[in-house]
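Hi,

Here is the structure I said I would pass on. Have a look, and my notes follow below.

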Amino acid sequence: MDFYTELMYALREWQSRRSDVKSILFERKKTLPERDFPQFHQNFKGVIENYTELEAVLKKYSKLPIEKYQTNHKLYMLIAIYGLLYLRKADYAITSQIVELIKQTTPGLSGMSNGILRSIGRDKDKLQAAPLVDSIHPELHDALAADYGERDVAHYLELARDKAPIDLLCLKDRDTVQADLASRGFESEQLPYARFGLRLTGQIQGLFEDEAFHRGDIYVQSQMSQVVGSLIEQTEGKFVLDLAAAPGGKSFTMWRHDPTRQYTLNDVSKAKADRIQQNLRRLRLEQLRVTIFDATRLVGRWIGSFDVVVIDAPCSGSGILIKQAEAKLERTAKQIRELMDRQSAMLDHAAKYVKKQGFLIYSTCSILMGENEERIEQFLHRHPNFRLQAIELDPVLLDGPYLKTTPFDGQFDGFFAGILHRVD
Ligand SMILES: C[S@@+](CC[C@H](N)C(=O)[O-])C[C@H]1O[C@@H](n2cnc3c(N)ncnc32)[C@H](O)[C@@H]1O
């Protein structure tokens, strides 16, 4: 199958929600020729991240209403528009390749498609300079604006167009890993707020083929995720349950901060557990246990068994729109409400797994109060045997007793965490 057809089918798969972005890329990495994968990755994520914007451009230039487009035809057009606006590919090359594919699948529409793409190519500079329109779901926009105001949200959306930096957790001594990576051209700086973290400052290509990666010296994880993992140091006790653990990042950081504890990594499905196992093998951390349970249901044998339970909750991802293509498009108000219900259900069950005097760490990569402070306040109402424990970190990372960063000035991702201490 040729490159753009493969890309179109991958986008169909994403759209039909049969699979998520990570799984689709994971599968394609196994089947595509190695040299094609980076370009595939870039195009696939690019179209998803800019989907609404690309659709708006197509709408503007097409006489045929876009609701009337067949799915394959529309996706080919969006792939081409993405190439024209975002990639440094010659306009005629991308247009002619895509038009040829359209000719094969919907022959009557190739002339019209050719005309549209040529006009977009001509207006490229004007279109590229246009402000970001409709780049997130309007209901997510409204929810964010209700918490933070229109101005901050508008600025955030501008920033979210940028590429996210690549941060690494070092599983071995940070200075040694940094020097080793630099010896093969991977320059980095040490992350100021993550003790074992590096941020790549130069070349990234080839990192996943590099010996340090294969040896398990590094794991890609953002600075703020690492800060959340470091909170394990503000708790006590041997047995730790990471209730929503896949692909395992927070647990790897927790282990790095305190390898003396015994970690259990849980997630909801076998596919998720397999991803954790795969990482554990690469990082040589096979002693960590993996389980598969639905955390919205009670697991009898866990009751009263853990000193620390961590819920890195499934959330809207509203704090990391720079990375979360799906969050931008798919988060409706109804979905956010459902997520909040799921977060509360997880918290209520997790409370039962915590031993007396134990701890519950709740975190999200969202900045919506409804998924954060509100979830914790309501939990405390239902569970008077828990108290909020003030988190101790650099004050720039804090908001009262919570860890809370916002993405508005571009310095941090938006993250949230609270520590609950069982006091009975
Ligand atoms: C924010 S991600 C966790 C990221 C992970 N802690 C890390 O740092 O790599 C949320 C996770 O919750 C899991 N999840 C969603 N619903 C769940 C459920 N009902 N039970 C257990 N895990 C669930 C998802 O599969 C996803 O892996």
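In β3, leucine 200 is the bridge partner of serine 188, and leucine 198 is that of glutamine 190. Strands here are DSSP runs of E, at least two residues long, and helices are runs of H or I of at least four, numbered from the N terminus. β2 and β3 (residues 197-200) pair in the antiparallel sense over 3 bridges; strands count as paired if DSSP finds at least two bridges between them. A hairpin of 6 residues takes β2 into β3.

Before going on: this is a predicted model, where local features need pLDDT of at least 70 and side-chain atom pairs count only at pLDDT 80 or more, while totals for chains, interfaces and linings use all residues. Residues are numbered from 1 along each chain as its sequence is written.

β3 also pairs with β1, again antiparallel and over 3 bridges, with leucine 198 as the bridge partner of leucine 168. Put together, that's an open sheet of 4 strands in the order β2-β3-β1-β4, with antiparallel pairing. β2 (188-190) and β4 (218-220) are the edge strands, each pairing on one side only. On average, neighbouring strands of the sheet are turned by 35° against each other, direction ignored. Helix α11 (residues 174-183) packs on this sheet and touches β1 (167-170), β2, β3 and β4, with its direction at about 170° to that of β2. For such angles, axes are lines fitted to C-alpha atoms (for helices over the stretch in contact), and values run from 0 to 180 degrees between N-to-C directions. Contact means C-beta atoms, placed from the backbone, within 7 Å.

Now the cores. The largest nonpolar core has 80 residues, and Val309 and Ile311 have the most contacts inside it. A core here is a set of buried Ala, Val, Leu, Ile, Met, Phe, Trp, Tyr and Cys residues joined through C-beta atoms within 7 Å, buried meaning that 20 or more other C-beta atoms lie within 10 Å of the residue's own. Helix α17 (residues 333-353) gives this core its largest share, 7 residues. Domain 2 (167-212) and domain 3 (223-422) both contribute residues, so the core lies between them; the bounds come from an automatic or database domain assignment.

Leaving out neighbours within four places in sequence, isoleucine 311 is in contact with Leu243, Ala244, Met346, Leu347, Ala350 and Tyr362. Another core, of 31 residues, lies apart from the largest one and includes Ile48, Tyr51, Met77 and Val99.

Cheers

Key: Two residues are in contact if their C-beta atoms, placed from the backbone, lie within 7 Å. A residue is buried if 20 or more other C-beta atoms lie within 10 Å of its own, exposed if 12 or fewer, and partly exposed in between; C-beta atoms are placed from the backbone.
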